[in-house]
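Please look through the sequence and the structure below with one topic in mind, the salt bridges. The report that follows goes through some of them in turn.

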Amino acid sequence: MDSHLQTNDPQIFDLIFQEWRRQSEHLEMIASENYTFESVMEAMGSVLTNKYAEGYPFKRYYGGCDVVDKIEELAIGRAKKLFNCAFANVQPHAGSQANMVVYHALLKPHDRILGMELSSGGHLTHASPVSWTGKHFQGFFYGVNEEGWIDYDEVLKIAKVVRPKLIVCGYSAYPREIDFKRFREIANEVDALLMGDIAHIAGLVVAGEHPHPFPHCHVVSSTTHKTLRGPRGGLILSDDPEIAGKIDRALFPGLQGGPLVHVIAAKAVGFLENLKPEWKTYAIQVKRNLQTLAQALLGHGFELVSGGSDNHLLVMRLHGYSGKDAQIALDNAGITTNKNSVPGDTRSPMFTSGLRLGSAALTSRGMGEQDFVFIAHKIAQVLENIQDSAQHARIKEEIIAFSKRYKSYESPIF
């Protein structure tokens with residue numbers, strides 16, 4: 001019997017093919033997305049998907065784990081080397097689960113968490129009231145000043161009033177560097193634990209292109225995709241052996257069952273890529289491309305939250321139309337982005353007054369500064385004529401021709 005996808009389920013194969021073509025032809029600028037390595041996808045599509053392995057290496061609840069124990073040990077060892085830390089748990093299925101594991105390990109129900117408010121760049125799992133985390137813990141929030149930067153003195157004032165058990169630093173839409181040392185000083189002053197959520201900036205951190213969360217954070221959570229270019233998954237790190245033990249127990253049997261062994265293997269493959277010397281070259285280019293994009297957009301008269309960026313993303317503050325309108329118009333022109341709230345936003349999260357752009361994915365395809373000048377010009381053409389759908393269609397043809405000049409995957413299936 002022919003078990004190949006194209007023959008066995010042509011409907012799904014066709015949809016995957018359509019997505020492959022979209023990723024090849026459009027400009028992917030969502031800051032939380034990237035093009036992973038082909039070797040990562042090979043590991044994810046391997047026979048490892050068949051194996052169940054509850055527990056941890058050499059302490060499993062199933063037989064037949066000799067090989068997968070070695071795989072997980074490799075992933076753990078590479079993660080510890082990559083982040084220069086003593087402990088790594090590579091089993092979280094995603095960044096949100098990683099955050100929930102940390103809270104479950106270190107907090108009691110209704111303990112206080114202090115994180116950044118959503119409109120300033122925070123994340124739902126930092127105790128937002130609409131998230132599970134905000135329903136089981138008390139969420140309190142700091143924001144940014146009028147210029148769009150964190151005011152650390154203001155964070156300290158809020159922390160002294162709130163007296164949180166845990167402070168979260170690390171965000172999904174904050175374009176500036178994070179001062180982990182200053183956050184640790186604040187945490188020490190109010191006797192709080194400090195958690196760094198570096199899901200977005202991890203790829204820059206390991207390349208030395210962003211300040212490192214260690215030794216300042218008690219615990220660090222991350223995703224393995226985004227700027228790390230690995231598979232979709234989560235990661236938890238620490239240098240504290242007591243916290244490490246609590247993390248392991250909170251993840252299993254606390255919150256997750258069997259780990260996704262094929263994804264853990266793919267994480268190991270991704271970490272090996274991150275450990276190569278050329279990774280720093282990539283991270284530097286990610287930042288250069290984003291800064292070029294920011295300057296070009298400013299030159300077109302657009303307003304950026306905080307006036308620019310120090311990392312892989314920026315947030316545009318829009319006037320006269322919503323982030324949803326901008327996202328749809330750009331999508332119709334072949335440029336994929338996401339609407340995003342801005343500090344002090346008066347629109348709902350479904351519409352927003354901002355747009356978030358990232359450079360990591362297009363940098364993975366080999367694009368450089370001059371390409372991002374061109375892209376900024378096309379973004380300006382679309383947004384300055386946001387109702388002109390005919391022009392958007394013409395720009396899309398230009399974008400497709402431009403995009404085809406750069407490397408993408410040879411096939412939709414690995």
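A salt bridge is counted here when a side-chain nitrogen of Lys or Arg lies within 4 Å of a carboxyl oxygen of Asp or Glu. This is a predicted model, in which local features need pLDDT of at least 70 and side-chain atom pairs count only at pLDDT 80 or more, while totals for chains, interfaces and linings use all residues. Residues are numbered from 1 along each chain as its sequence is written, and side-chain values use heavy atoms, with hydrogens and water left out.

By this rule the model has 16 salt bridges, and the table lists some of them.

| Salt bridge | Closest N and O atoms |
|---|---|
| E19 and R22 | 2.8 Å |
| E185 and K181 | 3.0 Å |
| K246 and E242 | 3.6 Å |

Helices are DSSP runs (H or I, at least four residues), numbered from the N terminus. E19 and R22 are three residues apart in helix α2 (residues 10-25), which is about one turn of the helix. E185 and K181 lie four residues apart in helix α8 (residues 180-189), so about one helical turn separates them. K246 and E242, in helix α10 (residues 241-255), are likewise four residues apart, about one turn.

How accessible these side chains are is described with relative accessible area (buried under 20%, exposed over 50%, partly exposed in between, with a 1.4 Å probe and protein chains only). E19 is partly exposed at 31%, and R22 is partly exposed at 25%. E185, at 36%, and K181, at 48%, are also partly exposed. K246 is partly exposed at 32%, whereas E242 counts as exposed at 55%.

Finally, K181 and E185 belong to a network of salt bridges that also links D153 and R182.

Methods:
Helix = DSSP H or I, 4+ residues; strand = E, 2+ residues; numbered from the N terminus.
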